[in-house]
Amino acid sequence: MRRQDFHFDLPDSLIARVPAKERRGSRLLCLDGPSGALAHRRFADLPDLLEPGDLLVFNDTRVIPARLFGRKPSGGKLEILVERVLDDRRVLAHVRSSKSPKPGSEILLEDDTPLQMVDRHDALFELEFPEEGALPVLERLGHMPLPPYIDRPDDDTDRERYQTVYNRNAGAVAAPTAGLHFDEEMLETLKAKGIDTAFVTLHVGAGTFQPVRVDDIHTHKMHSEVLNVSEEVCQAVADCRARGGRVIAVGTTSVRALESAAASGELQPTVGDTEIFIYPGYEFRVVDRLITNFHLPESTLLMLVSAFAGYQHAMNAYKVAVEEEYRFFSYGDAMLIDRNPAVDPAEVGRE
């Protein structure tokens, strides 16, 4: 399959640059993977679309204020985007400046807090924060790392809305955006209906926004992200299967976490890095349904959705979403997709 197979034209007016007034206030496009049938609903309808015994799997990562501004001692301005927190004081980050800082050099943040450039790892820079620690400095001086297509400065609203209500493990530099639609009241409604919940952690990296640059998608190398799938999650999935419920991943990051933990053929507790790349032809082992936002053209996330629903059904759903003026990307509307169990990886013409 080719990168161009996943292209679609998206009017700029459909990019959601601000969140809906209420978290549950978005639209919900329901796609039946086996048949391709579509239904137009509201996200507030979600409890009516699930059944007692179903299991929702959320990603409980917390987005850190990962964007920093500073300068070199010479006065040259620079911008830092943290990619990964290594420990209390060290991070890997992208650094944008006229000239790249050299190992051993110092960076001064806006309030003159000093950072040390320790080493370079390909495109990323290892930076060391002072004794105060990386996360406290980020909370104090950092800006929310809004995606590049939200072409405006972050504001105080983003500190709350570009964050799920159930976040608890700091480390992501991009939000697991399907979870942004859930509020506390909806979580209580789902619980009262008998729908179970479980939480994985996958710290979303800035690489999630990197475009696929190769024509043959099979040669694309995925970025690495840190995940944690606990014994409790594995047991919750087993219990769901035993009672005949459906495993519903909230977001592509939850899919990647669960499917990574089942790479051996059986879901098992997993802590570490994942570079899993899911595209049409992939055989899903864990997830039955998917709640997700609308993704960028030619992106690995759209490829994952196409693997889940079937390429033709997914691309048709996106065509309809554009025609019906759904709101796209992180602050946009959502989809509820039932997995297509009989996806043919050869359904797209090859060159």
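These are my notebook entries on a predicted model of a single chain.

**Ground rules.** I number residues from 1 along each chain as its sequence is written, and my side-chain values use heavy atoms, with hydrogens and water left out.

**Overall form.** I started with the secondary structure and found eight helices and 17 strands. Here helices (H or I, at least four residues) and strands (E, at least two) are DSSP runs, numbered from the N terminus. The radius of gyration is 20 Å, close to the 20 Å from the globule rule for 351 residues, so the chain is as compact as a globular protein of that length. For that I took the radius over C-alpha atoms, and the rule is 2.2 Å times the number of residues to the power 0.38. The C-alpha trace spans about 60 × 50 × 40 Å along its principal axes.

I looked up how much of the chain is buried: 55% of the 351 residues are. Buried means under 20% relative accessible area, exposed over 50%, and partly exposed in between (1.4 Å probe, protein chains only). The accessible surface comes to about 15,200 Å², and 48% of it belongs to carbon and sulfur atoms. I got these areas by the Shrake-Rupley method with a 1.4 Å probe. Next came contacts, meaning heavy atoms within 4.5 Å. Of those between residues at least 6 apart in sequence, 74% join residues at least 24 apart.

**Charges.** I counted 40 positive and 57 negative side chains, with the centres of the two sets 3 Å apart. Lys and Arg count as positive, Asp and Glu as negative, and His and the chain ends are not counted. Each charge is placed at NZ of Lys, CZ of Arg, CG of Asp or CD of Glu.

**Salt bridges.** My rule was a side-chain nitrogen of Lys or Arg within 4 Å of a carboxyl oxygen of Asp or Glu, and the count came to 27.

- Arg-41 bridges to Asp-45 at 3.3 Å, N to O, and Arg-41 is partly exposed at 31%.
- Arg-152 meets Asp-158 at 2.9 Å; Asp-158 is buried at 0%, whereas Arg-152 is partly exposed at 22%.
- Arg-339 meets Asp-288 at 3.6 Å. Arg-339 lies in the segment after strand E17 (334-338) and Asp-288 in the loop between strands E15 (270-274) and E16 (289-293), so this pair ties together parts that are 51 residues apart in sequence. Arg-339 is partly exposed at 25%, while Asp-288 counts as buried at 17%.

I also noted a network of salt bridges with shared partners, joining Arg-3, Asp-215 and Glu-298.

Glu-298 sits in the loop between E16 and helix H7 (300-309) and is buried at 17%. Its phi is positive, about 65 degrees, although it is not a glycine. Asp-112 also has a positive phi, near 75 degrees. I found Asp-112 in the loop between strands E8 (106-109) and E9 (114-121), partly exposed at 44%.

**Leu-227.** What does Leu-227 touch, beyond residues up to four places away in sequence? Its contacts include Thr-201, Leu-202, Ala-257, Ser-260 and Val-271. Leu-227 lies in strand E13 (residues 225-229) and counts as buried at 3%. Ser-260 is 33 residues from Leu-227 in sequence, yet their C-alpha atoms are 8.9 Å apart in space.

Definitions and conventions:
Predicted model: local features only at pLDDT ≥ 70, side-chain atom pairs only at ≥ 80, totals over all residues.
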